[in-house]
Amino acid sequence: LRLDKHGVPLSPQPSDDPEDPLNWPGLYRAFILLQVSVLSALGTYNTAIINPAYNQLSAEFDVSIVTASYQTRVQLTVTIAVNGLGPFLFIPFAHVYGRRPVYLVTTLIGALSALGCAYAHNFGQLVGLRILNGIFPVGAALGVATANDLFCLHERGRALGIYTVLSTTGGHFAPIPGGLIGQYLGWQWIFKFAAITNSFCLLFTFFFLPETLYIRDRTRDIVEDSNSNSKSSVRRYLRRMNLGKRYPGRELRISDFFWPYIKMIRYPSVVFPAIYYATQYALGSTLPAVTVSHIFAQEFNWDTLQIGLAYGTALLIGAFLGETAGGWVVDSIMNRARVKALKGSSAPSEIRLRAIWTGEIIVPIGLLWYGFSIQFGAPWIVPILGMGVGCFGVQCITTVMYTYSTDCHLTKSAEVAQVFNFVRQEIGMTFAFYAIVLGEAMGGYHLLFVFFACVGSILAFIPILVLMWKGEAIRAAERRIFAD
């Protein structure tokens with residue numbers, strides 16, 4: 001029986017196989033996590049890199065700035081039809097044939113579709129190619145499963161915190177190069193640069209990202225074979241990078257493409273956190289991203305470069321600072337509870353929800369800060385700071401919600417992450433489409449963001465309070481009712 005540094009049994013227990021990812025050196029596992037996080041970040045990176053250049057798209061295709069922003073909103077809409085359906089298509093393959101082939105194929109799709117956007121001749125072609133680009137970011141769901149392949153329970157809060165902050169940071173970082181390139185080279189080169197970035201990640205992944213899917217009930221003969229292969233570093237490398245691995249007993253069925261997700265939405269421990277996280281993410285991260293170009297061009301007469309640098313930097317700093325109050329806090333709370341209980345990993349997952357209060361309080365502060373400062377003509381730095389504050393809170397919420405729901409369903413982490421991804425993109429699309437028009441209809445952005453703060457921090461938070469109070473009992477009832 002293997003124990004952690006606190007003397008608590010590891011969960012899950014690593015096997016005796018040196019090729020079990022849980023047995024790999026810590027730095028190597030961190031290196032893999034970093035790669036997977038970057039691959040996941042490419043999804044939001046490709047979506048957001050064009051945001052500062054809405055004015056250029058408006059002039060190029062003779063449409064309004066709000067209409068130009070629809071090419072990004074359409075990609076969010078496609079979360080229901082494409083971006084959200086992409087992981088539904090690819091994750092079953094990852095469970096049967098391994099994670100590595102899926103990462104390579106989807107990153108290739110991302111590179112080619114981003115390059116195609118640069119050569120769009122009309123607005124319809126651009127929207128169509130952006131929809132195709134929405135197929136590939138499978139890392140948003142599969143990355144959580146990969147993190148769970150690599151880390152035991154007591155390490156996952158920190159690991160998923162790093163993963164989520166890097167994953168979401170793709171969209172926060174993208175406006176910085178997007179604004180710079182758009183200002184001096186034009187909007188076409190923004191997409192070309194995205195294609196170059198994707199291509200570099202594809203090559204790096206091909207040579208350095210190993211397969212992490214591992215079946216721990218394998219026979220002793222297979223373990224002994226792994227021990228013999230591990231004696232040669234070259235053979236060990238080739239074994240880990242092999243694209244032709246087979247996993248006996250795992251077969252692809254039609255039901256794998258929809259039934260696991262239908263089962264997931266039966267669980268309050270998945271649905272309630274997904275809705276709360278998605279709402280706060282859409283309000284604190286997606287909403288500024290799709291409205292800032294219109295608002296700051298109108299209110300401050302900013303150009304593409306200024307918009308990209310200012311809001312990209314604000315969201316980037318907010319996300320990284322938010323993570324310092326996310327994963328580390330979640331893990332420390334969980335470890336203290338496990339040691340106190342002296343029952344190993346039996347400490348209830350609801351303990352992680354205690355870390356939610358930081359984000360719950362800070363997100364509405366950031367939203368109101370942003371909305372009121374825009375409405376009443378504050379200097380540009382004021383709404384920019386409001387964006388950063390809101391994003392800080394969003395990152396705290398992201399880490400807590402991901403770790404809680406995946407802890408509740410350890411063997412279904414990819415499916416849980418895909419439910420989160422699907423709900424996040426659907427809600428983000430909904431807010432993004434009508435935010436500017438609704439704000440004008442309501443009589444000001446201050447009223448709009450008061451409404452949004454109430455939706456995210458009151459209505460969506462009530463089910464989380466229920467889970468904090470009765471979550472363990474609800475999960476016990478889930479196990480009795482849904483024994484399958």
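Q: Hi! How many helices and strands does the protein chain have?
A: In this predicted model, the protein chain has 21 helices and 0 strands.

Q: Okay, and what share of the residues counts as buried?
A: The chain has 484 residues, and 60% of them count as buried.

Q: Among contacts between residues at least 6 apart in sequence, what percentage join residues at least 24 apart?
A: That figure is 82% for this chain.

Q: Let's go inside. Which residues have the most contacts in the largest nonpolar core?
A: They are F296, M387 and M401, in a core of 109 residues.

Q: And which helix gives the most to this core?
A: Helix 14, which covers residues 268–300, gives the most, with 13 residues.

Q: Where does F296 lie?
A: F296 lies in helix 14.

Q: Why does F296 count as buried?
A: Because its relative accessibility is 0%, and buried means under 20%.

Q: What is F296 in contact with, if we skip its neighbours within four places in sequence?
A: Quite a list! F296 is in contact with N301, W302, I307, Y370, I374, W380, P383, I384 and M387. Take I374 from that list: F296 and I374 are 78 residues apart in sequence, and their C-alpha atoms are 8.9 Å apart in space.

Q: Is N301 buried or exposed?
A: N301 counts as exposed, because its relative accessibility is 67% and the cut-off for exposed is over 50%.

Q: Which elements give two or more residues to the lining?
A: There are helix 4 (85–97), helix 7 (139–150), helix 13 (259–264) and helix 19 (413–442). Helix 13 gives the most, with 4 residues.

Q: How many nonpolar, polar and charged residues does the lining have?
A: The lining has 12 nonpolar, 7 polar and 11 charged residues.

Q: Can we look at R156? Where is its place?
A: R156 is in helix 8, which covers residues 156–173.

Q: Is R156 buried or exposed?
A: R156 is buried, because its relative accessible area is 5%. R156 and Y402 are 246 residues apart along the chain, and their C-alpha atoms are separated by 9.8 Å.

Q: Last one: Y184. Where is Y184 found?
A: Y184 is found in helix 9, which covers residues 175–185. With a relative accessible area of 60%, Y184 is exposed.

Q: How many residues apart in sequence are Y184 and L305?
A: They are 121 residues apart in sequence, while in space they are 8.6 Å apart, C-alpha to C-alpha.

How values were computed
Residues numbered from 1 in each chain as written. Predicted model: local features only at pLDDT ≥ 70, side-chain atom pairs only at ≥ 80, totals over all residues. Heavy atoms only, no water. Buried < 20%, exposed > 50% of the residue type's maximum accessible area, 1.4 Å probe, protein only. Contact = heavy atoms within 4.5 Å. Nonpolar A, V, L, I, M, F, W, Y, C, P; charged D, E, K, R; others polar. Core = buried A, V, L, I, M, F, W, Y, C linked by side-chain atoms within 4.5 Å.
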